[in-house]
Amino acid sequence: PGSVTANRGAANYYKKINDTDQAFKHAFKASELANHSDPAVMILLGDIYLSKNEFEKALDHYLKAKEINRYNEHVYLNLSRYYESLESKTKAVDITKEGLVLIPKSKILSKRLKILNNEIEDDSYIFAIRVN
């Protein structure tokens with residue numbers, strides 16, 4: 001109960017089974033334990049808010065994650081997916097390119113850019129990478 005990792009894992013589990021109340025409970029606990037400085041927790045909170053269509057709160061947490069660590073490729077991946085969910089493909093492409101400028105060897109962002117540019121269609125690799 002006093003572990004950032006355990007609470008983040010529990011929050012991910014509850015998010016996957018669509019129990020957002022429990023997901024939030026554990027994600028907020030993880031954030032508190034990490035002194036609100038863990039980008040993975042901020043991304044997770046953004047994902048939970050996004051799943052509830054609370055777009056402003058989702059964006060706020062993704063941007064907090066970016067502020068904590070702008071070299072985290074998952075920040076740009078999730079921001080890209082956020083903008084795409086709002087049907088703003090241009091912004092999704094732009095944020096992906098911004099990430100690639102900072103992290104030029106990112107395979108995740110390179111493949112994401114190809115998906116956004118309709119060069120490939122399968123984005124299942126993204127979820128496999130995030131889970132591992």
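View 1. Leaving aside neighbours within four places in sequence, Thr20 touches Ile48, Ser51 and Lys52, where contact means heavy atoms within 4.5 Å. The model shown is predicted, so local features need pLDDT of at least 70, side-chain atom pairs count only at pLDDT 80 or more, and totals for chains, interfaces and linings use all residues. Residues are numbered from 1 along each chain as its sequence is written, and side-chain values use heavy atoms, with hydrogens and water left out. Thr20 belongs to helix H2, residues 20–33. Helices (H or I, at least four residues) and strands (E, at least two) are DSSP runs, numbered from the N terminus. Thr20 is buried because its relative accessible area is 18%; buried means under 20%, exposed over 50%, and partly exposed in between, with a 1.4 Å probe and protein chains only.

**View 2. Two loop asparagines with positive phi.** Most residues other than glycine have a negative phi. Asn18 is not a glycine, yet its phi is positive, at about 65°. Asn18 sits in the loop between helix H1 (4–16) and H2. Its relative accessibility is 66%, so Asn18 counts as exposed. Asn35 also has a positive phi, near 55°. Asn35 lies in the loop between H2 and helix H3 (39–51). With a relative accessibility of 62%, Asn35 counts as exposed.

View 3. A pair of aromatic rings is described by the distance of the centres and the angle of the planes. Rings of Phe, Tyr and Trp (its six-membered ring) pair if their centres lie within 6.5 Å; planes under 30 degrees apart count as stacked, over 60 as edge-to-face and the rest as tilted. There are five aromatic pairs in the structure. One of them joins Tyr13 and Tyr14 edge-to-face, at 5.2 Å centre to centre and with 70° between the planes. Tyr13 is partly exposed because its relative accessible area is 47%, and Tyr14 is partly exposed at 23%. Tyr82 and Tyr83 form an edge-to-face pair, 5.1 Å centre to centre with 70° between the planes. Both Tyr82 and Tyr83 are buried. Phe24, Phe28 and Tyr49 make up one aromatic cluster.

**View 4. Helix H5 against helix H7.** The axes of H5 (residues 73–85) and H7 (residues 107–116) come within 9 Å and cross at roughly 15°. Axes are lines fitted to C-alpha atoms, for helices over the stretch in contact, and angles run from 0 to 180 degrees between N-to-C directions. The crossing is left-handed, meaning that the near helix is turned anticlockwise from the far one by less than a right angle; clockwise would be right-handed. The H7 residues Ile108, Leu109, Arg112 and Leu116 meet Glu73, His74, Tyr76, Leu77, Ser80, Arg81 and Glu84 of H5.

**View 5. Helix H3 against helix H5.** The axes of H3 and H5 come within 11 Å and cross at roughly 15°, so the two helices are roughly parallel. Their crossing is left-handed. From H3, Ile43, Asp47 and Leu50 meet His74, Val75, Asn78, Tyr82 and Ser85 in H5.

Technical notes
Parallel < 35°, antiparallel > 145°, perpendicular 65-115°, else oblique.
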